[in-house]
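Please review the model shown here. A short briefing follows, grouped by topic.

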Number of protein chains: 2
Amino acid sequence: MPRTALLRDSEAKLQHILQHSAQIFANRGFAGASMRDVSRSTGISLSGLYYYFKSKQELLYLIQKKAFTSVVHRLQSELPAVSNPQARLKLFISNHLDYFLAHPAEMKVLSHEDDALEEPYKKEIGAIKRRYYNLACEIFEDVTREKTAGLANPRIAILILYGMMNWIYKWHNAAVDPSAEELSETICSIFLHGALNGRNGATADGPGRNRLSLEKIGTPE
Amino acid sequence: MPRTALLRDSEAKLQHILQHSAQIFANRGFAGASMRDVSRSTGISLSGLYYYFKSKQELLYLIQKKAFTSVVHRLQSELPAVSNPQARLKLFISNHLDYFLAHPAEMKVLSHEDDALEEPYKKEIGAIKRRYYNLACEIFEDVTREKTAGLANPRIAILILYGMMNWIYKWHNAAVDPSAEELSETICSIFLHGALNGRNGATADGPGRNRLSLEKIGTPE
């Protein structure tokens, strides 16, 4: 096999392992999952697995790195096309939810197992998370700069927003609950304007006097 | 020792065990903690511990039961004195945060280890949680009933509110972050009226044209 095809094959196999491992960690918890579980689920021998990473810790690190990097890169590539501050915040939220509702196992592992990661991995993931958090703060500060009132403490505001988004792994049931798009709109609306002015699919035909129309600001300009 | 004093002593010892165990589960995770850790931390022999509960599962159940029961009872005892719907929602939030910021280990165990509980305990705790959730929904529906606009889906609204409150265990640092009172006010304000109208200690002297004063509705009438 030529070298590029080998690399492709190797990369595909790694992605296959990461996907199955995220599912196993989500189901059994990181502490409760074994390399043997990963081997069984992926159909790759234990010694075969160690070709791709040297420990369960490195596996957790690779899952977290892939997810956070994807989320941050996607956001960074889409932000430049959007200038309206509220639309940028909406993009931040929908980018986050799009990714994590499409990757529920990763969402659970990232939210639930962030404590489990040890050094030197912890530091590296911490740096990506900080970049993401700083982006969120900048976006939020641009929104508040436009207003004379509003929360002056972006740390608290952003961490409250993170809670709205990240707690979803505890309750979202794809069979009955709103899609990423609808949820993003609801969360963005509650965050900016409150539940009393919130917009939600179910109220689309109801009286909308005080309701914010996020469609208007949701389109990149 | 008379029987009542013995009972008192036994109850105090159980509370001592629950408190230490919550701390251990918070630090090491439920899966990673052993009865030997509990024994070491409480100074009670392994066989002594089994006088109070028969398994680590029962211990987790007792911690969860105590916390949820306290939170629900306190809320139920204070709600009748408050009639304004927004003040009742504020009470729901501040009751939750008062308890959990005063019991950070329990907050982490309840948020993080809810999956770890098995039957028959799971069912019983599930019933208390459902009662709490139904109370939250009723309180929220009373708030929206007063308004012509607003979220029509209380399930989503309440779960988003839960996220704002429960994610706190991930980030709250008592040394630098706002108190339970201030955070309750911020969360209630964001939830009802959005971050753009949010109120927060740091902005107390800033321009407040659009800012909601929650002090007004925070007093039971």
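B:Pro120 sits in the loop that links α6 (104-112) and α7 of chain B. Helices here are DSSP runs of H or I with at least four residues, and strands are runs of E with at least two, numbered from the N terminus. This is a predicted model: local features need pLDDT of at least 70, side-chain atom pairs count only at pLDDT 80 or more, and totals for chains, interfaces and linings use all residues. Residues are numbered from 1 along each chain as its sequence is written, and chains are lettered from A and ligands numbered from 1 in the order in which they are written.

**Cis peptide bonds**
- B:Glu119 and B:Pro120 are joined by a cis peptide bond, with omega near 5°.
- In chain A, the bond between A:Glu119 and A:Pro120 is cis, with omega about 5°.
- A:Pro120 belongs to the loop between α6 (104-112) and α7 (121-145) of chain A.

**Helix α7 of chain B**
- Its 25 residues (121-145) should span 36 Å at 1.5 Å a residue, and the end C-alpha atoms are 36 Å apart, so the two agree. The expected span is 1.5 Å times one less than the number of residues.
- Its buried residues are B:Ala136, B:Ile139, B:Phe140 and B:Val143. Buried means that 20 or more other C-beta atoms, placed from the backbone, lie within 10 Å of the residue's own.
- These buried residues pack against α5 (85-102) and α8 (154-166) of chain B.

**Domains of chain A**
- Chain A splits into domain 1 (1-52) and domain 2 (59-218), with bounds from an automatic or database domain assignment.
- Seven residues of domain 1 and 11 residues of domain 2 make the contact; contact means C-beta atoms, placed from the backbone, within 7 Å.

How values were computed:
A residue is buried if 20 or more other C-beta atoms lie within 10 Å of its own, exposed if 12 or fewer, and partly exposed in between; C-beta atoms are placed from the backbone. Two residues are in contact if their C-beta atoms, placed from the backbone, lie within 7 Å.
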